[in-house]
Amino acid sequence: MQDYFIDFLVAVLFFSISRMFWIYSKIRKTSQGKLLFKAISLFVLLHLILFPVIYSVMINNAPKSIQIAENIFSYEKGIKLQEAIKARKNIEYTINDKKQKNIINNIIEKNRKVLSNTTWEEIHDKKIINLDTQTLLGYTKYREIPSDEVQKIFEVYDLKGSKYIEFGTTSQKQLLSDILNDYLIELDSEKHKIDNQIERIESNSFWSYRQVLPYTINILFTSNFNPQSKIANIIFFFHNILVVGFLLTFIVGFFQHYLVTKIESK
């Protein structure tokens, strides 16, 4: 989820730059200046946002539609696969941690009546609930970035004050019995999501906007991305036309703007 948020921030940054050039074009006095800055605005919007997004969607839906240089492909796939496998190992460790699961199951079984009659608000903000052989505290962990989920954090202590475990859940339930059961379900659900992610990576459907962007910036002079399908060739053609058109417009507009400014200054 965090990767999507960073992709969104990068796209917003380029969009803001594009908008800045467009606004700046309106206050230029010469038609050459207006044309130049409008061309830059459209170029940033199309070349740095639209086409990389199209390529990432295309590769993920049809990996063979674009041939990617083997070294780039192996590097990007290796990074994604390493991250996903690490996340799976972490979640498997938590699932297989008998101490944690046993403590939670023990709390649920021995304190079913108390937990079924206690709401989250009664322990929120680290208020103490004394159970049979444990003490339970809780607090809410709010979003640090917009893509984060709000979590209910539990801390479990023995009667001497030593911490057993700490864990968090995104459960929206209010009764503590329901929240604890939701957490156990979330563990298996999270593992299933990571397994699906690894499956997508292994099927070569792992490309994101930020991954594609560096390899498409110099689209005219790169052999990293080679279109294979008909639609990929058509998109590449229009992308190249865009880049060539912009370069010609920029060069002509720049020199016209320079000459007009020089003449007016005399």
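**Close-up views of the predicted model**

**View 1. Here is the open sheet, with 4 strands in the order S2-S3-S4-S5 and antiparallel pairing.** Strands S2 (129-130) and S5 (163-169) sit at the edges with a single partner strand each, so one side of each has no neighbour in the sheet. Keep in mind that this is a predicted model. H6 packs on the sheet, where it touches S3, S4 (151-158) and S5. The direction of H6 makes about 80° with that of S5.

**View 2. This one looks at S2 and its pairing with S3 (residues 134-141).** The two strands run in the antiparallel sense and are joined over 2 bridges. To find your way around, look for Asn130, which stands opposite Thr135 in S3.

**View 3. Next up is the hairpin of S4 and S5, with 4 residues between the strands.** Over how many bridges do S4 and S5 pair? There are 6 bridges, in the antiparallel sense. Phe154 stands opposite Phe167 in S5, which gives you a handy landmark. In this hairpin, Gly161 takes a positive phi near 95°.

**View 4. Helix H6 covers residues 176-202.** With 27 residues at 1.5 Å a residue, H6 should span 39 Å, and because its end C-alpha atoms are 39 Å apart, the two figures agree.

**View 5. Helix H2 (residues 31-61) has a kink.** The kink is about 30° and is centred on Leu46. H2 has 31 residues and reaches 43 Å from its first C-alpha to its last. That is close to the 45 Å expected at 1.5 Å a residue.

**View 6. Thr118 lies in the loop between helix H5 (112-116) and S2.** Is Thr118 buried or exposed? Its relative accessibility is 6%, so Thr118 counts as buried, the cut-off being under 20%. Thr118 and Leu175 are 57 residues apart in sequence, yet their C-alpha atoms are 5.7 Å apart in space. Leaving aside neighbours within four places in sequence, Thr118 is in contact with Ile123, Ile129, Gln174, Leu175 and Leu176.

**View 7. Gln174 sits in the loop between S5 and H6.** With a relative accessible area of 40%, Gln174 is partly exposed. Which residues does Gln174 contact, leaving aside its neighbours within four places in sequence? They are Thr118, Thr119, Trp120, Glu121 and Ile179. Gln174 and Asn117 are 57 residues apart in sequence and 10.0 Å apart in space, C-alpha to C-alpha.

**View 8. Finally, step back to the whole protein, with its 8 helices and 6 strands.** Along the sequence, the pattern goes α-α-β-α-α-α-β-β-β-β-α-α-β-α. Of the 266 residues, 37% count as buried. For contacts with a separation of 6 or more, 59% are between residues 24 or more positions apart. The accessible surface comes to about 16300 Å², and 59% of that belongs to carbon and sulfur atoms.

Note on methods
Residues are numbered from 1 along each chain as its sequence is written. This is a predicted model: local features need pLDDT of at least 70, side-chain atom pairs count only at pLDDT 80 or more; totals for chains, interfaces and linings use all residues. Side-chain values use heavy atoms; hydrogens and water are left out. The expected span of a helix is 1.5 Å times one less than its number of residues. Two strands pair if DSSP finds at least two bridges between them. Contact means heavy atoms within 4.5 Å. Axes are lines fitted to C-alpha atoms, for helices over the stretch in contact, and angles run from 0 to 180 degrees between N-to-C directions. Buried means under 20% relative accessible area, exposed over 50%, partly exposed in between (1.4 Å probe, protein chains only). Accessible areas come from the Shrake-Rupley method with a 1.4 Å probe; for residues, only the protein chains shown count as cover. The bend at a residue is the angle between axes fitted to the seven residues ending there and the seven starting there.
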